[in-house]
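Open the model in your viewer and keep the selection panel at hand. Each stop below says what to select and what is there.

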Amino acid sequence: MPLSYSAAAAAAAPSPLAARSRGLLRRPPRSAPVVVRCKKIDQLRAVNGLPPYAPVSNRSLLSPVTLPIIRDANIKNDTRLRIFSGTANPSLSQEIASYLGLELGKINIKRRASAKNITAVIPYFGYARADRKSQGRESIAAKLVANMITEAGANRVLVCDLHSSQAMGYFDIPVDHVYGQPVILDYLASKTICSDDLVVVSPDVGGVARARAFAKKLSDAPLAIVDKRRHGHNVMNLIGDVRGKVAVMMDDMIDTAGTIAKGAELLHQEGAREVYACCTHAVFSPPAIERLSSGLFQEVIITNTIPLKEDKSFPQLTILSVANLLGETIWRVHDDCSWNSNATAN
(Lines give C-alpha, C1' and ligand atoms only; values in the text may rest on other atoms or scores of the structure.)
Protein backbone atom coordinates (compact mmCIF):
# COMPACT_ATOMS: atom_id res chain seq x y z
CA MET A 1 0.00 0.00 0.00
CA PRO A 2 1.52 3.37 -0.96
CA LEU A 3 2.24 5.94 1.71
CA SER A 4 -0.52 8.53 2.09
CA TYR A 5 -0.91 11.81 3.92
CA SER A 6 -4.30 11.89 5.61
CA ALA A 7 -5.10 15.53 4.73
CA ALA A 8 -7.65 16.10 1.95
CA ALA A 9 -6.22 15.94 -1.57
CA ALA A 10 -6.06 19.35 -3.24
CA ALA A 11 -6.45 20.27 -6.89
CA ALA A 12 -3.72 22.28 -8.57
CA ALA A 13 -4.67 25.93 -8.97
CA PRO A 14 -3.02 29.36 -9.05
CA SER A 15 -2.46 31.12 -5.76
CA PRO A 16 -5.83 32.62 -4.75
CA LEU A 17 -4.14 35.47 -2.93
CA ALA A 18 -1.98 36.50 -5.87
CA ALA A 19 -4.98 36.25 -8.18
CA ARG A 20 -7.10 38.22 -5.74
CA SER A 21 -4.64 41.11 -5.82
CA ARG A 22 -5.00 41.27 -9.61
CA GLY A 23 -8.81 41.08 -9.44
CA LEU A 24 -8.84 37.87 -11.52
CA LEU A 25 -10.29 35.41 -9.03
CA ARG A 26 -14.01 34.73 -8.77
CA ARG A 27 -14.82 33.35 -5.35
CA PRO A 28 -17.76 31.26 -4.24
CA PRO A 29 -19.97 32.45 -1.37
CA ARG A 30 -18.56 31.90 2.11
CA SER A 31 -20.92 28.97 2.61
CA ALA A 32 -19.20 27.05 -0.20
CA PRO A 33 -15.56 26.46 0.77
CA VAL A 34 -13.10 25.52 -1.94
CA VAL A 35 -9.96 23.47 -1.45
CA VAL A 36 -7.00 24.48 -3.59
CA ARG A 37 -3.26 23.80 -3.62
CA CYS A 38 -1.00 26.73 -2.93
CA LYS A 39 1.03 27.90 -5.89
CA LYS A 40 4.78 27.56 -5.59
CA ILE A 41 6.33 31.04 -5.91
CA ASP A 42 10.09 31.59 -5.68
CA GLN A 43 10.51 28.65 -3.35
CA LEU A 44 13.69 27.72 -1.57
CA ARG A 45 15.51 24.78 -3.08
CA ALA A 46 18.13 22.60 -1.52
CA VAL A 47 19.45 19.70 -3.56
CA ASN A 48 22.39 17.58 -2.42
CA GLY A 49 22.97 19.87 0.52
CA LEU A 50 23.43 23.13 -1.39
CA PRO A 51 21.98 26.17 0.40
CA PRO A 52 18.55 27.55 -0.57
CA TYR A 53 20.05 30.64 -2.18
CA ALA A 54 21.98 28.54 -4.71
CA PRO A 55 19.42 26.46 -6.67
CA VAL A 56 20.97 23.83 -8.90
CA SER A 57 18.01 22.43 -10.80
CA ASN A 58 14.50 23.25 -11.97
CA ARG A 59 13.01 20.76 -9.55
CA SER A 60 11.99 22.12 -6.17
CA LEU A 61 11.95 19.78 -3.18
CA LEU A 62 9.09 21.71 -1.63
CA SER A 63 5.72 20.01 -1.68
CA PRO A 64 3.05 22.74 -1.44
CA VAL A 65 1.01 22.74 1.73
CA THR A 66 -2.56 21.51 1.40
CA LEU A 67 -4.73 24.23 2.92
CA PRO A 68 -8.44 25.02 2.54
CA ILE A 69 -8.76 28.57 1.18
CA ILE A 70 -12.03 30.27 2.18
CA ARG A 71 -12.72 33.79 0.93
CA ASP A 72 -15.66 36.18 0.76
CA ALA A 73 -16.70 36.97 -2.80
CA ASN A 74 -17.37 40.62 -1.93
CA ILE A 75 -13.96 41.48 -0.49
CA LYS A 76 -12.22 44.11 -2.60
CA ASN A 77 -8.50 44.57 -2.96
CA ASP A 78 -7.22 45.27 0.53
CA THR A 79 -4.29 47.67 0.69
CA ARG A 80 -4.10 47.80 4.49
CA LEU A 81 -1.94 44.70 4.91
CA ARG A 82 1.80 45.36 4.87
CA ILE A 83 4.65 42.88 5.31
CA PHE A 84 7.93 44.10 6.82
CA SER A 85 11.06 42.02 7.34
CA GLY A 86 13.37 42.09 10.32
CA THR A 87 17.04 41.24 10.01
CA ALA A 88 16.88 37.59 11.07
CA ASN A 89 15.39 35.87 7.99
CA PRO A 90 14.78 38.28 5.07
CA SER A 91 14.64 35.46 2.49
CA LEU A 92 11.69 33.81 4.24
CA SER A 93 9.99 37.21 4.57
CA GLN A 94 10.33 37.71 0.81
CA GLU A 95 8.77 34.29 0.15
CA ILE A 96 5.83 35.07 2.43
CA ALA A 97 5.26 38.41 0.71
CA SER A 98 5.39 36.71 -2.70
CA TYR A 99 2.81 34.16 -1.58
CA LEU A 100 0.52 36.98 -0.46
CA GLY A 101 1.02 38.83 -3.75
CA LEU A 102 2.60 41.79 -1.95
CA GLU A 103 5.89 43.63 -1.98
CA LEU A 104 7.99 43.78 1.15
CA GLY A 105 7.54 47.14 2.84
CA LYS A 106 10.46 49.54 2.98
CA ILE A 107 11.65 49.78 6.53
CA ASN A 108 14.24 51.58 8.60
CA ILE A 109 14.83 49.59 11.78
CA LYS A 110 15.64 52.81 13.73
CA ARG A 111 12.36 54.55 12.70
CA ARG A 112 9.20 54.81 14.80
CA ALA A 113 5.87 54.55 12.98
CA SER A 114 2.17 54.60 13.90
CA ALA A 115 0.77 51.28 12.71
CA LYS A 116 -2.76 50.53 13.85
CA ASN A 117 -2.02 46.87 14.63
CA ILE A 118 1.26 44.96 14.68
CA THR A 119 1.52 41.19 14.41
CA ALA A 120 4.97 39.85 15.29
CA VAL A 121 5.68 36.80 13.10
CA ILE A 122 8.33 34.71 14.86
CA PRO A 123 9.11 31.54 12.87
CA TYR A 124 11.61 30.43 15.53
CA PHE A 125 11.07 31.60 19.11
CA GLY A 126 14.57 30.91 20.36
CA TYR A 127 13.81 31.34 24.06
CA ALA A 128 11.01 28.76 24.14
CA ARG A 129 13.29 26.14 25.71
CA ALA A 130 13.77 28.36 28.78
CA ASP A 131 10.15 27.80 29.81
CA ARG A 132 10.71 26.50 33.35
CA LYS A 133 13.21 26.48 36.20
CA SER A 134 15.39 23.38 36.37
CA GLN A 135 17.34 24.66 39.36
CA GLY A 136 17.33 27.56 41.80
CA ARG A 137 18.15 31.11 40.69
CA GLU A 138 17.52 30.20 37.05
CA SER A 139 15.49 32.64 34.97
CA ILE A 140 12.44 31.80 32.87
CA ALA A 141 13.65 33.67 29.80
CA ALA A 142 10.62 32.71 27.69
CA LYS A 143 8.35 34.81 29.92
CA LEU A 144 10.82 37.71 29.98
CA VAL A 145 11.07 37.86 26.17
CA ALA A 146 7.28 37.52 25.85
CA ASN A 147 6.88 40.58 28.10
CA MET A 148 9.46 42.51 26.07
CA ILE A 149 7.64 41.79 22.79
CA THR A 150 4.35 42.91 24.32
CA GLU A 151 5.81 46.08 25.81
CA ALA A 152 7.49 46.90 22.49
CA GLY A 153 4.00 47.32 20.97
CA ALA A 154 3.00 44.01 19.37
CA ASN A 155 -0.75 43.37 19.35
CA ARG A 156 -0.55 39.73 18.27
CA VAL A 157 2.10 37.03 17.86
CA LEU A 158 2.39 34.28 15.25
CA VAL A 159 4.86 31.51 16.14
CA CYS A 160 5.81 28.20 14.57
CA ASP A 161 6.40 24.97 16.50
CA LEU A 162 7.07 26.15 20.04
CA HIS A 163 9.26 23.80 22.06
CA SER A 164 6.38 23.45 24.51
CA SER A 165 2.83 24.66 23.96
CA GLN A 166 2.55 26.14 27.45
CA ALA A 167 4.91 28.93 26.35
CA MET A 168 1.87 30.48 24.64
CA GLY A 169 0.57 31.31 28.11
CA TYR A 170 3.55 33.60 28.74
CA PHE A 171 2.15 36.17 26.33
CA ASP A 172 -0.50 38.62 27.48
CA ILE A 173 -1.64 39.15 23.86
CA PRO A 174 -3.27 36.71 21.38
CA VAL A 175 -0.93 33.98 20.09
CA ASP A 176 -1.40 31.98 16.88
CA HIS A 177 0.61 28.76 17.01
CA VAL A 178 1.14 26.91 13.72
CA TYR A 179 3.02 23.68 13.08
CA GLY A 180 5.59 22.92 10.39
CA GLN A 181 4.49 19.30 10.16
CA PRO A 182 2.26 19.66 7.04
CA VAL A 183 5.23 20.77 4.95
CA ILE A 184 7.31 17.75 6.03
CA LEU A 185 4.33 15.40 5.72
CA ASP A 186 3.66 16.48 2.13
CA TYR A 187 7.30 15.90 1.24
CA LEU A 188 7.44 12.44 2.84
CA ALA A 189 4.17 11.48 1.17
CA SER A 190 5.75 12.26 -2.20
CA LYS A 191 8.50 9.71 -1.60
CA THR A 192 8.11 6.07 -2.65
CA ILE A 193 8.01 4.59 0.84
CA CYS A 194 5.57 1.76 1.49
CA SER A 195 3.45 2.55 4.53
CA ASP A 196 3.87 -1.01 5.80
CA ASP A 197 7.62 -0.39 6.05
CA LEU A 198 7.34 2.90 7.94
CA VAL A 199 7.79 3.56 11.65
CA VAL A 200 7.88 6.97 13.36
CA VAL A 201 10.41 7.30 16.18
CA SER A 202 10.45 9.80 19.01
CA PRO A 203 14.10 10.59 19.91
CA ASP A 204 13.16 11.01 23.58
CA VAL A 205 10.24 10.47 25.93
CA GLY A 206 9.37 14.18 25.95
CA GLY A 207 8.59 14.15 22.22
CA VAL A 208 6.13 11.24 22.26
CA ALA A 209 3.02 13.39 21.75
CA ARG A 210 4.60 15.15 18.75
CA ALA A 211 5.73 11.87 17.21
CA ARG A 212 2.33 10.24 17.79
CA ALA A 213 0.55 13.07 15.99
CA PHE A 214 3.06 12.82 13.14
CA ALA A 215 2.60 9.04 12.87
CA LYS A 216 -1.17 9.38 12.79
CA LYS A 217 -0.96 11.48 9.66
CA LEU A 218 1.51 9.13 7.96
CA SER A 219 -0.99 6.36 7.27
CA ASP A 220 -1.29 5.81 11.04
CA ALA A 221 2.24 4.42 11.13
CA PRO A 222 3.47 2.51 14.20
CA LEU A 223 5.38 4.40 16.88
CA ALA A 224 8.71 3.67 18.56
CA ILE A 225 10.41 5.55 21.40
CA VAL A 226 14.06 5.98 22.33
CA ASP A 227 14.23 5.88 26.12
CA LYS A 228 17.38 7.47 27.55
CA ARG A 229 18.22 6.96 31.21
CA ARG A 230 21.21 8.06 33.25
CA HIS A 231 22.86 5.46 35.47
CA GLY A 232 26.32 6.94 35.92
CA HIS A 233 26.38 7.07 32.09
CA ASN A 234 23.63 7.31 29.51
CA VAL A 235 21.80 4.07 28.76
CA MET A 236 19.50 4.05 25.72
CA ASN A 237 16.72 1.54 25.15
CA LEU A 238 14.25 1.21 22.31
CA ILE A 239 10.54 0.77 22.90
CA GLY A 240 8.98 -0.66 19.73
CA ASP A 241 10.03 -2.65 16.66
CA VAL A 242 12.11 -1.12 13.85
CA ARG A 243 13.72 -4.22 12.33
CA GLY A 244 13.63 -3.99 8.53
CA LYS A 245 11.70 -0.71 8.74
CA VAL A 246 12.25 2.82 7.44
CA ALA A 247 12.51 4.88 10.63
CA VAL A 248 11.48 8.54 10.61
CA MET A 249 12.73 10.47 13.65
CA MET A 250 10.65 13.59 14.35
CA ASP A 251 11.54 16.49 16.64
CA ASP A 252 10.75 20.20 16.86
CA MET A 253 14.43 21.23 16.63
CA ILE A 254 17.94 19.89 16.20
CA ASP A 255 20.61 21.74 18.18
CA THR A 256 23.86 19.81 18.63
CA ALA A 257 22.22 16.64 17.23
CA GLY A 258 23.58 14.55 20.10
CA THR A 259 20.26 12.98 21.10
CA ILE A 260 19.05 12.28 17.56
CA ALA A 261 22.43 10.90 16.44
CA LYS A 262 22.64 8.51 19.42
CA GLY A 263 19.07 7.47 18.70
CA ALA A 264 19.94 6.76 15.06
CA GLU A 265 22.86 4.57 16.14
CA LEU A 266 20.48 2.58 18.33
CA LEU A 267 17.96 2.22 15.48
CA HIS A 268 20.65 0.80 13.18
CA GLN A 269 21.71 -1.61 15.90
CA GLU A 270 18.10 -2.76 16.21
CA GLY A 271 17.91 -3.49 12.48
CA ALA A 272 16.36 -0.37 10.93
CA ARG A 273 16.83 -0.34 7.14
CA GLU A 274 16.98 3.46 6.75
CA VAL A 275 16.76 6.38 9.16
CA TYR A 276 15.34 9.83 8.30
CA ALA A 277 15.68 12.83 10.61
CA CYS A 278 12.98 15.53 10.47
CA CYS A 279 12.67 18.79 12.37
CA THR A 280 11.17 22.25 11.96
CA HIS A 281 13.99 24.34 13.47
CA ALA A 282 17.58 23.63 12.39
CA VAL A 283 19.71 25.34 15.05
CA PHE A 284 22.76 23.21 14.13
CA SER A 285 25.17 24.18 16.88
CA PRO A 286 28.60 22.49 16.64
CA PRO A 287 29.16 19.58 16.23
CA ALA A 288 25.73 19.01 14.67
CA ILE A 289 26.95 19.00 11.05
CA GLU A 290 29.57 16.32 11.72
CA ARG A 291 27.02 14.11 13.48
CA LEU A 292 24.29 14.52 10.87
CA SER A 293 26.61 13.97 7.89
CA SER A 294 28.36 10.93 9.36
CA GLY A 295 26.26 8.44 7.37
CA LEU A 296 23.70 7.61 10.06
CA PHE A 297 20.86 9.28 8.17
CA GLN A 298 19.48 8.60 4.72
CA GLU A 299 18.16 12.17 4.68
CA VAL A 300 17.90 15.12 7.08
CA ILE A 301 14.72 17.12 6.39
CA ILE A 302 14.36 20.60 7.86
CA THR A 303 12.46 23.83 7.18
CA ASN A 304 13.71 27.36 6.65
CA THR A 305 12.44 28.90 9.90
CA ILE A 306 16.13 29.54 10.63
CA PRO A 307 18.33 30.73 7.73
CA LEU A 308 21.11 28.24 7.08
CA LYS A 309 24.59 29.39 6.20
CA GLU A 310 26.41 27.81 3.27
CA ASP A 311 29.06 26.20 5.48
CA LYS A 312 26.34 24.22 7.28
CA SER A 313 25.12 22.37 4.19
CA PHE A 314 25.87 18.69 3.55
CA PRO A 315 24.77 16.07 0.98
CA GLN A 316 21.94 14.51 3.01
CA LEU A 317 20.26 17.85 3.78
CA THR A 318 16.87 18.84 2.36
CA ILE A 319 15.36 22.27 3.11
CA LEU A 320 11.60 22.86 2.80
CA SER A 321 9.90 26.26 2.91
CA VAL A 322 7.18 27.27 5.38
CA ALA A 323 6.42 30.48 3.46
CA ASN A 324 3.06 29.25 2.12
CA LEU A 325 2.02 28.03 5.56
CA LEU A 326 2.89 31.29 7.31
CA GLY A 327 1.59 33.42 4.45
CA GLU A 328 -1.82 31.76 4.52
CA THR A 329 -2.02 32.10 8.30
CA ILE A 330 -1.11 35.80 8.10
CA TRP A 331 -3.89 36.41 5.59
CA ARG A 332 -6.48 34.50 7.60
CA VAL A 333 -5.63 36.47 10.74
CA HIS A 334 -5.75 39.75 8.82
CA ASP A 335 -9.01 38.82 7.05
CA ASP A 336 -10.67 37.53 10.27
CA CYS A 337 -11.09 34.08 8.70
CA SER A 338 -11.24 30.92 10.77
CA TRP A 339 -8.36 28.48 10.82
CA ASN A 340 -7.54 25.38 12.85
CA SER A 341 -4.12 25.49 14.50
CA ASN A 342 -4.66 21.99 15.87
CA ALA A 343 -5.17 20.44 12.44
CA THR A 344 -1.50 19.48 12.33
CA ALA A 345 -1.07 18.59 15.97
CA ASN A 346 -3.80 16.12 16.82
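Start with the lining of the largest pocket: by class it has 26 nonpolar, 14 polar and 8 charged residues. Keep in mind throughout that this is a predicted model.

**Stop 1: the largest pocket**

The volume of this pocket is about 2200 Å³. Its lining counts 48 residues; select F84, I118, T119, A120 and V121 to land closest to the centre. Next, colour by element. Helix 2, strand 4 (119–122), helix 3 (141–151), strand 5 and helix 8 each give two or more residues to the lining. Which element gives the most to the lining of the largest pocket? Helix 8 does, with 5 residues.

**Stop 2: helix 2 against helix 8**

Stay with two of those lining elements. Select residues 90–99 for helix 2 and residues 323–334 for helix 8. Their axes cross at roughly 55° and come within 8 Å. Helix 2 and helix 8 are therefore oblique to each other. The crossing of helix 2 past helix 8 is right-handed. Now show side chains. From helix 2, pick L92, E95, I96 and Y99; from helix 8, pick A323, N324, L326, G327, E328 and I330. These residues make the contact. By class, the contact of helix 2 with helix 8 has 6 nonpolar, 2 polar and 2 charged residues.

**Stop 3: helix 4 against helix 5**

Select residues 181–189, helix 4, and residues 208–217, helix 5. Here the packing angle is about 40°, and the axes lie 11 Å apart. That angle makes helix 4 oblique to helix 5. Left-handed or right-handed: how does helix 4 pass helix 5? The crossing is right-handed. On the helix 4 side, show Q181, I184, L185 and L188; they meet R210, A213, F214 and K217 in helix 5. The contact residues of helix 4 with helix 5 split into 5 nonpolar, 1 polar and 2 charged.

**Stop 4: the cavity**

Switch to a cavity display. The structure holds 1 cavity of 30 Å³ or more. Select its lining: Y124, F125, A128, C160, D161, L162, H163, M253 and H281. By class, that lining has 6 nonpolar, 2 polar and 1 charged residues.

**Stop 5: backbone at D161**

Keep D161 selected from the cavity lining. Look at its backbone now. D161 sits in the loop between strand 5 (156–160) and strand 6 (175–178). What is the phi of D161? The value is near 50°, positive in a residue other than glycine. Most residues other than glycine have a negative phi, and most peptide bonds are trans.

**Stop 6: a cis peptide bond**

Finish at P286 and P287. The peptide bond that joins P286 and P287 is cis, with omega about 5°. P287 is in the loop between strand 11 (274–282) and helix 7 (288–292).

Technical notes:
Residues are numbered from 1 along each chain as its sequence is written. This is a predicted model: local features need pLDDT of at least 70, side-chain atom pairs count only at pLDDT 80 or more; totals for chains, interfaces and linings use all residues. Side-chain values use heavy atoms; hydrogens and water are left out. Axes are lines fitted to C-alpha atoms, for helices over the stretch in contact, and angles run from 0 to 180 degrees between N-to-C directions. Helices (H or I, at least four residues) and strands (E, at least two) are DSSP runs, numbered from the N terminus. Angles under 35 degrees count as roughly parallel, over 145 as roughly antiparallel, 65 to 115 as roughly perpendicular and the rest as oblique. A crossing is left-handed if the near helix is turned anticlockwise from the far one by less than a right angle, and right-handed if clockwise. Contact means heavy atoms within 4.5 Å. Ala, Val, Leu, Ile, Met, Phe, Trp, Tyr, Cys and Pro count as nonpolar, Asp, Glu, Lys and Arg as charged, and the others, Gly among them, as polar. On a 1 Å grid over the protein atoms alone, a cavity is a set of points where a 1.4 Å probe fits but cannot get out, and a pocket is an open set with protein on both sides within 12 Å along at least five of seven lines; lining residues have an atom within 4 Å of a point. Grid points are joined across faces, edges and corners, and a volume is the space filled by probe spheres set on the points.
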